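Thanks for coming. I have one structure to go through today, so let me put it on the screen.

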Amino acid sequence: YTVFSTMARSVGDEYRRNGDTAAAERYWRIAADSPAGDAEARAQAANALAAFYLERDEPDRAYRRACQAVALAAGPAHRLIRAKTALALVRQGHGPSTGALLEQAREDLGAIPPQSPLHPRARELMNDPLLQKPFVAP
């Protein structure tokens, strides 16, 4: 399964580059949902799905896949996408508790190390107005 999940993720990436989003999604799901295999390849596939669903304005699906990616391998790219999906859920009024989503976004962005090439983007997202003030439940 290790090679299988890596290959399925790569095939999904190639279909995406060629504009076949339906096939890309299918192969990313195969890789992300394989019962075993390389955790990082599965996380990358789940992360690709999260980004894809976020682009399609489906924050609920995106957030679930982003959480899967972080659970498999909590790298900076996975944490960045989960923070972005959490903010999208808050903006659309979907998902679990708004306060918990905002706290998770802060935690994910704060966990991206300064030496990561994604750190500037994380700092930029930390300036999002939703993250600037404490959340007060209505």
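Predicted model: local features only at pLDDT ≥ 70, side-chain atom pairs only at ≥ 80, totals over all residues.

Let me start with how the helices pack. Two packed helices are described by the angle between their axes and the distance between the axes.

Helix α2 covers residues 21-32, and helix α3 covers residues 39-55. Their axes come within 8 Å and cross at roughly 140 degrees. Angles over 145 degrees would count as roughly antiparallel, and α2 and α3 are therefore oblique to each other. The crossing is left-handed. On the α2 side, the contact is made by Thr21, Glu25, Trp28, Arg29, Ala31 and Ala32. On the α3 side, the residues are Arg42, Ala45, Ala46, Ala48, Leu49, Phe52 and Tyr53. Sorted by class, that contact has nine nonpolar residues, one polar and three charged.

Next, α3 also packs with α5, which is residues 76-92. Here the axes come within 10 Å, and the crossing is at roughly 30 degrees. That makes α3 and α5 roughly parallel to each other. Their crossing is left-handed. From α3, the contact takes in Glu40, Ala43, Gln44, Asn47, Ala50, Ala51 and Leu54. From α5, it takes in Ala77, His78, Ile81, Lys84, Thr85 and Ala88. The residues of this contact divide into seven nonpolar, four polar and two charged.

The remaining pair is α5 with α7. Helix α7 is residues 119-126. The axes of α5 and α7 are 11 Å apart, and the packing angle is about 20 degrees. These two helices are therefore roughly parallel as well. The crossing of α5 and α7 is left-handed. Leu80, Lys84 and Leu87 of α5 meet Arg121, Ala122 and Leu125 of α7. By class, there are four nonpolar residues, no polar ones and two charged.

Now the rings. How many aromatic pairs does the structure hold? The count is three. One of them is Tyr15 with Tyr27, a stacked pair at 5.6 Å centre to centre, with 20 degrees between the planes. Tyr15 lies in helix α1 and Tyr27 in helix α2, so this pair ties together parts that are 12 residues apart in sequence. Tyr15 counts as partly exposed, at 32% relative accessibility. Tyr27 is also partly exposed, at 26%.

Phe52 and Tyr53 make another pair. Their ring centres are 5.7 Å apart and their planes are at 50 degrees, so the pair is tilted. Phe52 and Tyr53 are both buried. Together with Trp28, they form a cluster linked by ring pairs. As I said, Trp28, Phe52 and Tyr53 are also listed in the contact of α2 with α3.

That brings me to Arg16, which is found in helix α1. Is Arg16 buried, partly exposed or exposed? At 27% relative accessibility, Arg16 counts as partly exposed. Leaving aside neighbours within four places in sequence, Arg16 is in contact with Thr21, Ala24, Trp28, Phe52 and Glu55. Arg16 and Trp28 are 12 residues apart along the chain, with their C-alpha atoms separated by 10.0 Å.

Gln104 is in helix α6, residues 98-110. It is buried, with a relative accessible area of 19%, and the cut-off for buried is under 20%. Beyond its neighbours within four places in sequence, Gln104 is in contact with Tyr63 and Arg82.

Asp57 sits in the loop between α3 and α4. Most residues other than glycine have a negative phi. Asp57 is not a glycine, yet its phi is positive, at about 60 degrees. At 52% relative accessibility, Asp57 counts as exposed.

Ser116 is buried, with a relative accessible area of 11%. How far apart are Ser116 and Tyr27, C-alpha to C-alpha? They are 28 Å apart in space and 89 residues apart in sequence.

That is what I have for today.

Methods
Residues numbered from 1 in each chain as written. Heavy atoms only, no water. Axes fitted to C-alpha atoms, helices over the stretch in contact; angles between N-to-C directions. Helix = DSSP H or I, 4+ residues; strand = E, 2+ residues; numbered from the N terminus. Parallel < 35°, antiparallel > 145°, perpendicular 65-115°, else oblique. Left-handed = near helix turned anticlockwise from the far one by under 90°. Contact = heavy atoms within 4.5 Å. Nonpolar A, V, L, I, M, F, W, Y, C, P; charged D, E, K, R; others polar. Phe/Tyr/Trp six-rings, centres within 6.5 Å; stacked < 30°, edge-to-face > 60°. Buried < 20%, exposed > 50% of the residue type's maximum accessible area, 1.4 Å probe, protein only.
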